[in-house]
Amino acid sequence: GGGTRVVLNGTGFSSDSSQMIVKIGDSFCDVVVASSSSIECTTNAHNPGSESVTVFVVGQGNAVGSVYFDYELFVCNVSHHFGSIFGGQRLIISGGGFAASSEVFFGTVPCEIESTTHSSIQCVTGSSRATHYVNNLGRHPEFGIGYRWNPSHLVVHVGDRVKWTWTGSAFTTLRSVVQVSDDAAETYDGSGFESKESVTGSFEHSFTKPGIYHYISGGLAHIGFRGTVEVVPFESRSVEVNVFVNGIRASHKPSGANASLSA
């Protein structure tokens with residue numbers, strides 16, 4: 001990840017740091033201080049691996065010697081191997097080569113970093129719930145576009161949310177999202193989700209239990225302006241924990257860097 005202070009010992013160096021050039025592989029190591037017998041430099045970001053060290057003294061040429069530097073960037077352990085899809089769990093990731101610019105992902109979900117050292121990262125998991133979108137741009141056989149939910153049937157997992165959006169004009173009937181008891185009901189079931197009526201608007205609802213949920217656009221159920229959301233159980237799954245430093249992905253060591261998510 002870069003930022004590591006390296007001390008090189010030898011002879012014939014220059015005490016003028018501007019006359020010293022140090023490279024590790026194809027990356028410069030920024031010289032901080034130098035003397036005739038030692039150089040201190042700071043590494044830059046580099047892909048993991050072992051690289052040869054080259055010291056060049058202006059006016060004298062390359063120093064003689066065979067020295068290698070190992071760039072380490074790896075994950076070897078995660079403090080908890082199980083978590084919730086709703087997020088909010090504090091974790092410690094152990095490894096090496098981490099830096100302030102580190103990023104952590106559980107699958108594709110970011111983990112918000114609270115603190116970082118060279119060998120550990122503490123972060124809080126984010127939510128892996130999906131958001132599904134429904135609009136009113138479906139086509140009704142008689143009234144045309146704007147009088148059907150699109151899509152009219154969704155399959156989602158427990159924990160997912162659905163966001164409905166609808167548009168209209170001053171001459172259209174007010175629209176809303178209203179849960180009903182079955183696919184024939186035309187009035188609110190009295191306990192489910194319900195939005196306010198409007199010409200243009202949006203509404204969100206998170207589904208926490210499996211089942212089939214029926215809904216209508218209030219006042220327009222008689223023309224078939226209805227839909228269903230089928231909520232299926234969330235199946236626990238294993239996701240890979242990935243750490244990136246300046247865009248470089250950390251390798252995984254044998255003790256494992258996977259986590260399982262469940263509802």
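Predicted model: local features only at pLDDT ≥ 70, side-chain atom pairs only at ≥ 80, totals over all residues.
Residues are numbered from 1 along each chain as its sequence is written, and side-chain values use heavy atoms, with hydrogens and water left out.

**View 1. The disulfide between C29 and C41.** A search of the whole structure finds two disulfides, a disulfide being a pair of cysteine sulfur atoms within 2.5 Å. One of them joins C29 to C41, with an S to S distance of 2.1 Å. C29 lies in strand β3 (residues 27-34) and C41 in strand β4 (residues 38-43), so the pair ties together parts that are 12 residues apart in sequence; helices (H or I, at least four residues) and strands (E, at least two) are DSSP runs, numbered from the N terminus. Because the torsion about the S-S bond of C29 and C41 is about 90°, this disulfide is right-handed. C29 counts as buried at 3% relative accessibility, and C41 counts as buried at 0%, where buried means under 20% relative accessible area, exposed over 50% and partly exposed in between (1.4 Å probe, protein chains only).

**View 2. The disulfide between C111 and C123.** The sulfur atoms of C111 and C123 are joined at an S to S distance of 2.2 Å. Strand β12 (residues 109-116) holds C111 and strand β13 (residues 120-125) holds C123, so the pair ties together parts that are 12 residues apart in sequence. The torsion about the S-S bond of C111 and C123 is about 90°, so the disulfide is right-handed. Both C111 and C123 are buried.

**View 3. C76, a cysteine in no disulfide.** When the bonded cysteines of the chain are numbered in sequence order, the pairing is 1-2, 3-4. C76 is in no disulfide, and the nearest cysteine sulfur, that of C123, is 14 Å away. With a relative accessible area of 22%, C76 is partly exposed.

**View 4. S195 in the loop between β18 and β19.** S195 lies in the loop that runs between β18 (178-180) and β19 (201-206), and this serine is buried, with a relative accessible area of 13%. A polar atom of the S195 side chain lies 2.8 Å from the backbone nitrogen of V177. Not counting residues up to four places away in sequence, S195 touches W166, S176, V177 and F203, contact meaning heavy atoms within 4.5 Å.

Notes. Polar contact = N/O pair within 3.5 Å; in protein donor to acceptor, adjacent residues only side chain to side chain.
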